[in-house]
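Colleague: I'd like to learn how to read ring contacts and pockets in a model. Can you walk me through a case?

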Amino acid sequence: MITVNVDLGVRSYPIFIGKGLYERKDLVAEFLPAGRTLIVTNETVAPLYLEQAQALFAGAEALVLKDGEKYKTLETVSQIYDTLLRGKYDRGSTVVALGGGVIGDLTGFAAATFMRGVDFIQLPTTLLAQVDSSVGGKTGVNHPLGKNMIGAFHQPQCVIADMSVLHTLPERELKAGLAEVIKYGLINHVEFY
C-alpha cells in the first residue's frame, strides 16, 4: 500500500492506494467518530462492492441511487438529505461515497451542506475518480444551465483507492482514467508522461 498525504493544514488527509483495502478496517478506524455512518452508492456499484464497504464500516446503512450523470442534481442530493434526516443522523455522522465521480460529487456536496458540514470519506470505484474527482475536495451538482454550477469545496477525511475494484470497469472507463493520468503528465511532469 502507498499513502499519499494531501497537505492542507488542518484540512489535510491521506489517500490510501493499493489492493484489498476494503478489508483494512484499520485504515478507517481513526476517521470514524462515535456517530453513525451512511454509505451512498448507485445501482451499478452496489451489487459489486456495497457488502464489502458495509463490512469495512461495521455494517453502516446504505442509500442506493440511480446511476448516471443525469442524476447529478439537487433532486438527488435531496434524497441523501431525506435519508440523513429521517435516520436522525447528526453532526457526528460520516457519509461515505462508494462509486465514481458522480457519486463522489453528490455525496461530498451533501456532506458539505448537511447540518453545515459533516465528515465524509471517498471510496472511488473508477480510475478517473481515483486519479481526479476524489482528490481536492471538489463537490457539486449540475444545473440545467451548466455542469457543476452548484457546489462547495469539502475535503474528505481520507480517500481509499482500492485498485482491486478496477477489474470490473468497462474498457472505455479505464481509458478515460488513463487519459486523465496522461494529461497530468503532459501538464506537469514530463518524466512521468
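This is a predicted model: local features need pLDDT of at least 70, side-chain atom pairs count only at pLDDT 80 or more; totals for chains, interfaces and linings use all residues.

Colleague: How are the planes of Y22 and Y49 set, stacked or edge-to-face?

Modeller: Look at the angle between the planes; over 60 degrees counts as edge-to-face. Here the planes of Y22 and Y49 stand at 85 degrees, with the ring centres 6.2 Å apart, so this pair is edge-to-face.

Colleague: Which parts does the pair tie together?

Modeller: Y22 is in the loop between β2 (13-18) and α1 (25-29), while Y49 belongs to helix α2, so the contact links parts 27 residues apart in sequence.

Colleague: And are Y22 and Y49 buried or exposed?

Modeller: Buried, both Y22 and Y49. Another ring to check is that of Y89: the charged end of R36 sits over it, 4.0 Å from the ring centre.

Colleague: Now the empty space. How do I find where it is left?

Modeller: You roll a probe the size of a water molecule over the atoms, and that shows where space is empty. In this model, the largest pocket holds about 740 Å³. Its lining has 33 residues, and G100, G101, V102, T126 and E173 are the closest to the centre.

Colleague: Which element gives the most to the lining of the largest pocket?

Modeller: That's β8, with five residues. Elements that supply at least two residues each include α4 (101-113), α5 (127-133) and α6 (171-188).

Key. Residues are numbered from 1 along each chain as its sequence is written. Side-chain values use heavy atoms; hydrogens and water are left out. On a 1 Å grid over the protein atoms alone, a cavity is a set of points where a 1.4 Å probe fits but cannot get out, and a pocket is an open set with protein on both sides within 12 Å along at least five of seven lines; lining residues have an atom within 4 Å of a point. Grid points are joined across faces, edges and corners, and a volume is the space filled by probe spheres set on the points. Helices (H or I, at least four residues) and strands (E, at least two) are DSSP runs, numbered from the N terminus. Rings of Phe, Tyr and Trp (its six-membered ring) pair if their centres lie within 6.5 Å; planes under 30 degrees apart count as stacked, over 60 as edge-to-face and the rest as tilted. Buried means under 20% relative accessible area, exposed over 50%, partly exposed in between (1.4 Å probe, protein chains only). A charge sits over a ring if NZ of Lys or CZ of Arg is within 6 Å of the ring centre and within 35 degrees of the ring normal.
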